[in-house]
Amino acid sequence: MTPTLAFDVYGTLIDTHGVVGKLTELLEDDGKAQAFSQTWRDKQLEYSFRRGLMQNYENFAVVTRDALNYADQFCQTHFTDDQKSELLAVYRTLPAFLDVESGLTELRAAGCRLFAFSNGSADAVETLLQAAGIRDFFDGVVSVDDMRSFKPNPGVYSHFLRQSGATGAQAWLISSNPFDVIGSISAGMNAAWVKRSPTAIFDPWGIEPTAVVSSLTDLKENIIG
């Protein structure tokens, strides 16, 4: 069977902390910039979970904006509206991780079908992948926006399978987010956890990844052998 791979975008292909450079420019303090970026990302995920549970959907751009406003208050940075607009503009053109291009090249050469699968809207993901120079690796973009919900709602993984024409047995989710890995396995898919940090912790729920890799360049060996 030809494996069909669903790549999470934010945090797996694309470095969400690529915004730190702009934050450092604004704050003139790298430590504060790092802390702000982490708060922004954590709250972005929390807001997506809460909206999914509440069935009070707004798209990922709104979630990201609301999380930015929270981080601004929490970190007491008092950014102006123009500065917030600059930060959101950077978020639309974040860089890919260094291992992405080589890892995707290997998987394409091995005959895998590759899809970007994201909480972000299709338009936002298309822009992001184009800016990062990796759009041509993918057969398509599948967005949870079509379902008006977010990962790890089981319905969004079923949506991916329908859109890609794959079965759970031949489909893999590739993600650095443990909640996403657990969600996809619970929905009947295989999943590889990209453990980008040696200190990262996988949630101890008794649901283990099908594979664990530290780099996308390790995926081919783990998925195809």
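A cavity here is a set of grid points where a 1.4 Å probe fits but cannot get out. Keep that in mind for the exercises below, which all use a predicted model.

**Exercise 1. Work out how many cavities of 30 Å³ or more the structure holds, and what lines the largest cavity.**

Step 1. Start with the count: there is 1 cavity of 30 Å³ or more. The largest cavity comes out at about 70 Å³.

Step 2. The lining is made up of D8, Y10, R41, L45, F60, S118, N119, K151, N177, F179 and D180. Helix 2 and helix 8 are the elements that give two or more residues to this lining.

Step 3. Sort the lining by class: 4 residues are nonpolar, 3 polar and 4 charged.

**Exercise 2. Describe the largest pocket, and find which helix gives the most to its lining.**

Step 1. Get the volume: the largest pocket holds about 480 Å³ of space.

Step 2. Look at the lining, which has 21 residues. Nearest the centre sit Q38, R41, S176, N177 and P178.

Step 3. Assign the lining to elements. Helix 2 (30–54), helix 8 and strand 5 each put in at least two residues, and helix 2 gives the most, with 5.

**Exercise 3. Is strand 5 buried or exposed, and which strands does it pair with?**

Step 1. Apply the cut-off: buried means under 20% relative accessible area. 5 of the 5 residues of strand 5 (residues 190–194) pass, so the strand is largely enclosed by the rest of the structure.

Step 2. Find the neighbours. Strand 4 (residues 171–175) pairs with strand 5 in the parallel sense over 4 bridges, and I174 has A192 as its bridge partner. To get from strand 4 to strand 5, the chain passes through helix 8 (residues 178–186) in a right-handed β-α-β crossover.

Step 3. Strand 6 (residues 211–213) also runs parallel to strand 5, joined by 3 bridges. Here V194 is partnered with V213.

**Exercise 4. Classify the ring pairs F60–F150 and F117–Y157, and say why each ties together separate parts of the chain.**

Step 1. The structure holds 14 aromatic pairs. F60 and F150 sit 6.1 Å apart centre to centre, with 55° between the planes, which makes the pair tilted.

Step 2. F60 belongs to helix 3 and F150 to the loop between strand 3 (140–143) and helix 7 (154–164), so this pair ties together parts 90 residues apart in sequence. F60 is buried at 4% relative accessible area, and F150 is buried at 2%.

Step 3. F117 and Y157 form an edge-to-face pair, at 5.9 Å centre to centre and 70° between the planes. F117 lies in strand 2 (residues 113–118) and Y157 in helix 7, so the pair ties together parts 40 residues apart in sequence. Both F117 and Y157 are buried.

Terms used. Residues numbered from 1 in each chain as written. Predicted model: local features only at pLDDT ≥ 70, side-chain atom pairs only at ≥ 80, totals over all residues. Heavy atoms only, no water. Buried < 20%, exposed > 50% of the residue type's maximum accessible area, 1.4 Å probe, protein only. Pairing = 2+ DSSP bridges. Right-handed = clockwise from strand over helix to strand, strands pointing away. 1 Å grid on protein atoms, 1.4 Å probe; cavity = no way out; pocket = protein on both sides within 12 Å on 5 of 7 lines; lining within 4 Å. Points joined across faces, edges and corners; volume = space filled by probe spheres on them. Nonpolar A, V, L, I, M, F, W, Y, C, P; charged D, E, K, R; others polar. Phe/Tyr/Trp six-rings, centres within 6.5 Å; stacked < 30°, edge-to-face > 60°.
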